[in-house]
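Grab your viewer and let's work through a few exercises on backbone angles, helix packing and a sheet. Each task comes with a solution in steps.

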Amino acid sequence: MGRAGISAFVAFAVGLTTLLSLLLGDNPALFGGGPGSEELARRLALPGDVLLRLVVIVLALSIVIGITNLLYVHVGRVARGKLYSAVLLASFAFTIYWYVSRRGDSSLLEAVQVPIESTLASLLFFSLIYGGARVMRRRADIWGLLFVAVVIVVLLGSLPLAELAPLKAWSDWLMAVPVSAGARALLLGIALGTVVAGVRALLGQDRSYRG
Amino acid sequence: MDETTLQVYSVLFVMATVVLVYTARFFQKRPGGRRAQRRLDGLERIAGWTTQSIESNRPLHLAIGGSAIGADKTPAALAEAELFHQIIKRADAGDIAPILSTSTPVMIPLGQGTLRRAWHKGDGASRVIWYPQNLSYASAIAASMAGDKPAAHIMAGGFGVELALMLDGADRQGQPSLAVSDRLDGQAVAYALADHVLIGEELFVASGAVSEEGSGHSDAAVLDVWRGLIILGATLLLLLEFSKQLPLLTWQLAAAGAAVLIVLGAVMYRRR
């Protein structure tokens, strides 16, 4: 068995153990609810719990990987003369220096990061409005028209004006029936795809495990 | 529905999917049994963008966004990695590796592994870029568009409304884009702003459509089967509900209507 085969086998074993542990564990009723069923259900749940805790530890460590990657990529870019990367590295070093020298003072985050993110959030509003207006240029068909019409009705319906009360009813109906149905259909499609992709990973067919 | 019943149904559903996956692969491997996957406009552009990337020596930008392994979106993250593997493999004839960006650090090793397997001219480690979540990620990517000048942006992953900043930036730079998100808000933004869009489960069949491998096609067939069954079930339930409310509509009439709908659907599907 080659490296790919071993990887696929480990992925299959761990995946199946976790799946069975999550599906069958912690529910004594599945085993008839008799005297030994509680202990059996608890034991079945244990491997899944242990593996999921290991995942949490690995996820917590991944931020170190992220920072290392950020520095690695931008040091390389600075060497190629990229100014923005130099600004990023300088900001990174200054933030750490500030935080350490001021003994945990996070005012830099509150004074710089938060206002910048708020500004971006407001810019996002204009991007979305611009995008909505651009739909008719890109998709000049019935679906594009429907999209823009629904956006307009919902936006106008949310205004607190008595003259627009009929639109409010339309807006509520749109949100409660067609929009909700469409959203559920989308989520259902994603859920089905998730199951098939999960089975693929469970069977060791996924390329990430095959090396 | 109590918890035990739910668990039993879950086990049965997973087992039925396993059986369907193997059955579809069996038929896919038979001579003449290969099933053509339905055409998706956005995915058909990828070949052209890859060629453009190779000829103009400009990278493709592949964005995973907030998808991550280790969370509930793990299968989606794996499906995205598979799609990107197929795209990078196509771009391998060029001299410049695609840029793979993510906002979750746990995806960096997966991204680097994907690049290593599909890109054979160097390790490509510096082509995987991480920026912190949401707005910081979106603004960093939008800012780097002018410098990196990607040939195209393929954004498949977990995105929220911040996707608007990236797609707007791509549009301003005249760079084409394909977007799909496993979040509803991101999907709406993708529909409004991207040049091409995939919707819902199309993300999971994308790698099969881009690649020549049969396993992706058979997974798409399994998805089609499940989707067809759900549509059928929902239609039947709807008709039965109608039959209770309308005196003229009996359940026999509803069943006949459903049968006609199924036959019509099957005929239209075969023709397509």
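**Exercise 1.** Is Lys149(B) buried, exposed or partly exposed? Work it out from the C-beta neighbours, then look at the backbone.

*Solution.* Start with the count: Lys149(B) has 15 C-beta neighbours inside 10 Å, so it counts as partly exposed. The cut-offs are 20 or more other C-beta atoms within 10 Å for buried, 12 or fewer for exposed, and in between for partly exposed, with C-beta atoms placed from the backbone. Helices here are DSSP runs of H or I with at least four residues, strands are runs of E with at least two, and both are numbered from the N terminus. Last, check phi: it is positive, about 45°, though Lys149(B) is not a glycine.

Before going on, some housekeeping: this is a predicted model, where local features need pLDDT of at least 70, side-chain atom pairs count only at pLDDT 80 or more, and totals for chains, interfaces and linings use all residues. Residues are numbered from 1 along each chain as its sequence is written, while chains are lettered from A and ligands numbered from 1 in the order in which they are written.

**Exercise 2.** How do α3(B) and α4(B) pack, in terms of angle and axes?

*Solution.* Helix α3 (residues 74-91) and helix α4 (residues 107-118) of chain B meet at an angle of about 30°, and their axes are 9 Å apart. That makes the two roughly parallel (angles under 35 degrees count as such). Axes are lines fitted to C-alpha atoms, for helices over the stretch in contact, and angles run from 0 to 180 degrees between N-to-C directions. Now list who touches: from α3(B), residues including Ala77(B), Phe84(B) and Ile88(B), and from α4(B), residues including Leu110(B) and Leu115(B). Contact means C-beta atoms, placed from the backbone, within 7 Å.

**Exercise 3.** What is the strand order of the open sheet in chain B?

*Solution.* Read across: the 6 strands run β3-β2-β1-β4-β5-β6, with parallel pairing. Two strands pair if DSSP finds at least two bridges between them. The edges are β3 (128-130) and β6 (196-197) of chain B, each pairing on one side only. Then zoom in on β6(B): it pairs with β5 (residues 177-181) of chain B over 2 bridges, and His196(B) is the bridge partner of Leu178(B).

Key: Parallel < 35°, antiparallel > 145°, perpendicular 65-115°, else oblique. Contact = placed C-beta atoms within 7 Å.
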